[in-house]
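Visitor: I should like to learn how to read a structural model step by step. Could we work through one together?

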Amino acid sequence: MKEGNVREIALIDAELARRGQETKTVSCGCCGNAVKVSVDTNAEDFYCTRCVGSPRAKTFKGSIGWAGRRFFEARFPILRKNLDAPNQAKWDSFDYEKKCRVIGRMIERGAMI
Ligand SMILES: [Zn+2]
């Protein structure tokens, strides 16, 4: 979570606690589900963890969330299409996380958007 948001949410919580009110909820900016605003939530810029993932998730897919999975999966066939046959076979042998990490590195290097 961004430092500014942590401070902002902590202030919200402190104010709500002072007033004796319940913790505030906001709508996820992606799916619209309620996101509990608290210093203990995983809300990243007020998106729910199902959409943007959580660093505390037990699986890689959980750590990148629905939006992350869609981002990488949309690029899987694009990358594969541009490989020669031996590298396509190598790509097919990669597990899901490795495919995502390859795509991530290509984006960092500017080879892919
Ligand atoms: Zn969501």
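Visitor: What is the mean pLDDT of the protein chain, and what percentage of its residues reach 70 or more?

Guide: This is a predicted model, and confidence is the place to begin. Where pLDDT is low, the predicted coordinates should not be read in detail. Here the mean pLDDT of the protein chain is 83, and 79% of its residues reach 70 or more.

Visitor: Which elements of the protein chain have the lowest and the highest mean pLDDT?

Guide: The lowest mean pLDDT, 67, belongs to helix 1 (residues 3-19), and the highest, 97, to helix 4.

Visitor: How many helices and strands does the protein chain have, and in what order do the elements run from the N terminus?

Guide: There are five helices and two strands in the protein chain. Read from the N terminus, the order is α-β-β-α-α-α-α.

Visitor: How is the packing of helix 3 and helix 5 to be described?

Guide: Two packed helices are described by the angle between their axes and the distance between the axes. For helix 3 (residues 60-81) and helix 5 (residues 96-108), the angle is about 70° and the axes are 9 Å apart. Since angles of 65 to 115 degrees count as roughly perpendicular, helix 3 and helix 5 are therefore roughly perpendicular to each other. Their crossing is left-handed.

Visitor: Which residues make the contact of helix 3 with helix 5?

Guide: Helix 3 contributes Phe60, Lys61, Ile64, Phe72, Arg75, Phe76 and Leu79, while helix 5 contributes Tyr96, Glu97, Lys99, Cys100 and Ile103. Sorted by class, this contact has eight nonpolar residues, four charged residues and no polar ones.

Visitor: Where does Val52 lie, and how many other C-beta atoms are within 10 Å of Val52?

Guide: Val52 is in helix 2 (residues 49-52). With 21 other C-beta atoms within 10 Å, Val52 is buried. Val52 and Arg69 are 17 residues apart in sequence, with a C-alpha to C-alpha distance of 9.1 Å.

Visitor: What does Leu83 count as, given its C-beta neighbours inside 10 Å?

Guide: Leu83 has 13 such neighbours, so Leu83 counts as partly exposed. Leu83 is found in the loop between helix 3 and helix 4 (85-93). Not counting residues up to four places away in sequence, Leu83 touches Gln88 and Trp91.

Visitor: What percentage of the residues in the protein chain is buried?

Guide: Buried residues make up 12% of the 113 residues.

Note on methods:
Residues are numbered from 1 along each chain as its sequence is written. This is a predicted model: local features need pLDDT of at least 70, side-chain atom pairs count only at pLDDT 80 or more; totals for chains, interfaces and linings use all residues. Axes are lines fitted to C-alpha atoms, for helices over the stretch in contact, and angles run from 0 to 180 degrees between N-to-C directions. Helices (H or I, at least four residues) and strands (E, at least two) are DSSP runs, numbered from the N terminus. Angles under 35 degrees count as roughly parallel, over 145 as roughly antiparallel, 65 to 115 as roughly perpendicular and the rest as oblique. A crossing is left-handed if the near helix is turned anticlockwise from the far one by less than a right angle, and right-handed if clockwise. Two residues are in contact if their C-beta atoms, placed from the backbone, lie within 7 Å. Ala, Val, Leu, Ile, Met, Phe, Trp, Tyr, Cys and Pro count as nonpolar, Asp, Glu, Lys and Arg as charged, and the others, Gly among them, as polar. A residue is buried if 20 or more other C-beta atoms lie within 10 Å of its own, exposed if 12 or fewer, and partly exposed in between; C-beta atoms are placed from the backbone. pLDDT is the predictor's confidence in each residue, from 0 to 100.
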